[in-house]
Amino acid sequence: MDLFEYANSLNFGEVHFKTDAATGLQAIVAIHNLKQGPAIGGCRFIEYPSTAEATRDALRLGRGMTYKAAISNLPHGGGKAVIMRPKNLGAEQRERLFEEFGRFVDSLGGRYITCEDSGTNVNDINVAHRFTDHVLGYDPDAGSSGDPSPVTAYGVRRGIEAAVKFKLGRDSLEGVHIAVQGLGAVGFCLARELHELGATLTVADINPAAVERGVNELGATAVSVDAIHTVDCDIYAPCALGGAINDTTLAGLQCKIVAGAANNQLLENRHGEELHRRGILYAPDYAINAGGLINVAQEYVGYDRERAMAKTSEIYETMLAIFDRAGSEDLPTDVIADRIVEEKIFGKALR
């Protein structure tokens, strides 16, 4: 499937490309849908093997942001930015890249509002903010909400609590065994919250220092990144990049629930069907990890931390509603989540 066909299959609106020889910027902004309001979505800054791969990532992530906003009842559409990270990047070049990226975002006239994502940080967003007002999650000293990772983690924790209630019939995470894949900004915040609530943790990350921190600070058991999905546990929590549920990992799963912070956890729709067939409860990623978006959307109208946290806490009820409907209709939870969104945006389910 070529890129235009792929974009059409996701019901895309518009895709913008920006290249700048002076800074080396190669950026893509994928604006999926504006029916509910201006699009909000983070800027991903990682290395990609090709422009086609970067574009596909932007498209899939942008679509996910539309669905994330709609399932959370936010007055926004969805979009995503991707910057292809150069090799051997220095601090000066990085700053110049994000200056030019800020100009790129500004040229879109507010249809797309950027914030942090994988590979970016508050300083990057601060730099972009010098050249556009269409930015959220910059330095709190300048009136913003800062790093949304802790709020994202809190929302995922609330979603995990809902999954435990639905699947295990328990109101507490005490003694629940959770295997966390990925201890980055969100993953570690989540693991810390789970630890504080009495969960037993097994962890893995490509960064040995992150794993060591998890072991030392949270009493976690460490396993390799290749083995984390095979841990005999109550919950497998993917918190790294997408595609964690695929043909290879599905064969090794020994959990009752899949619920984590990563975007695009299902490599293909059929993997959600297989989880359903096997009786493994799946927490649809864009519903459970919406806390970061909820946080910056609150910033868009005037930041109030208490309101952001209260709205994020509602992820518990959102997840239970998805689980209940999936059970009554005997359909995969990701299908039900999509239908809830599509009925709202398009007036009908698309699958």
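The area buried between domain 1 and domain 2 is about 1,300 Å², and carbon and sulfur atoms give 58% of it. Buried area here is the accessible area (1.4 Å probe) that two parts lose on being put together, summed over both. On the domain 1 side, Arg-60, Tyr-67 and Ile-71 lose the most area to domain 2, together 49% of what that side buries. Domain 1 covers 3-142, and domain 2 covers 148-290 + 318-343; these bounds come from an automatic or database domain assignment. The centres of the two domains, taken over C-alpha atoms, are separated by 26 Å. In terms of contacts (heavy atoms within 4.5 Å), 14 residues of domain 1 meet 18 residues of domain 2.

The model is predicted: local features need pLDDT of at least 70, side-chain atom pairs count only at pLDDT 80 or more, and totals for chains, interfaces and linings use all residues. Residues are numbered from 1 along each chain as its sequence is written, and side-chain values use heavy atoms, with hydrogens and water left out.

Helices (H or I, at least four residues) and strands (E, at least two) are DSSP runs, numbered from the N terminus. Buried means under 20% relative accessible area, exposed over 50%, and partly exposed in between (1.4 Å probe, protein chains only). Strand S4 spans residues 77-84, and because eight of its eight residues are buried, the strand is largely enclosed by the rest of the structure. In a regular strand the side chains alternate between the two faces of the sheet. In S4, Gly-77, Gly-79, Ala-81 and Ile-83 point one way, while Gly-78, Lys-80, Val-82 and Met-84 point the other way.

Strand S2 (residues 25-33) runs antiparallel to S4 and is joined to it by six bridges; Ile-28 stands opposite Val-82. Strand S3 (residues 39-46) runs parallel to S4, also with six bridges, and Ala-39 has Gly-77 as its bridge partner. S3, helix H2 (residues 51-71) and S4 make a right-handed β-α-β unit. Right-handed means that, with the strands pointing away from the viewer, the path from the first strand over the helix to the second runs clockwise.

UniProt positions are given in the numbering used here, feature names are shortened, and annotations may be inferred rather than shown by experiment. Lys-80 counts as buried because its relative accessible area is 2%. Leaving out residues up to four places away in sequence, Lys-80 touches a set of residues including Ile-28, Gly-41, Ala-58, Met-65, Tyr-112, Asp-117 and Asn-263.

## The six-stranded sheet

Six strands form an open sheet with parallel pairing, in the order S8-S7-S6-S9-S10-S11. Strand S8 (221-222) and strand S11 (281-282) stand at the edges with a single partner strand each, so one side of each has no neighbour in the sheet. The table gives pairings within this sheet.

| Strands | Bridges | Sense |
|---|---|---|
| S7 (residues 200-204) and S8 | two bridges | parallel |
| S6 (residues 177-181) and S9 | four bridges | parallel |
| S9 and S10 (residues 257-258) | two bridges | parallel |

Thr-202 has Thr-221 in S8 as its bridge partner. Tyr-236 of S9 is the bridge partner of Ala-179, and Tyr-236 also stands opposite Val-258 in S10. From S9 (residues 235-238), Ile-235 and Ala-237 point one way and Tyr-236 and Pro-238 the other way, and all are buried. S9, helix H8 (residues 247-252) and S10 make another unit of the β-α-β kind, right-handed.

## The listed binding site

Under "binding site", the unreviewed UniProt entry lists Gly-182, Leu-183, Gly-184, Ala-185, Val-186 and Gly-187. Gly-182 is found in the loop between S6 and helix H6 (185-196), whereas Ala-185 is placed in helix H6. Gly-182 counts as buried because its relative accessibility is 6%. Beyond residues up to four places away in sequence, Gly-182 touches Gly-187, Ala-204, Asp-205, Cys-239 and Ala-240.

## Ser-328

Ser-328 is found in helix H13 (residues 315-329). Ser-328 counts as exposed because its relative accessibility is 61%. From Met-309, Ser-328 is 19 residues apart in sequence and 30 Å apart in space, C-alpha to C-alpha.

Note on methods
Pairing = 2+ DSSP bridges.
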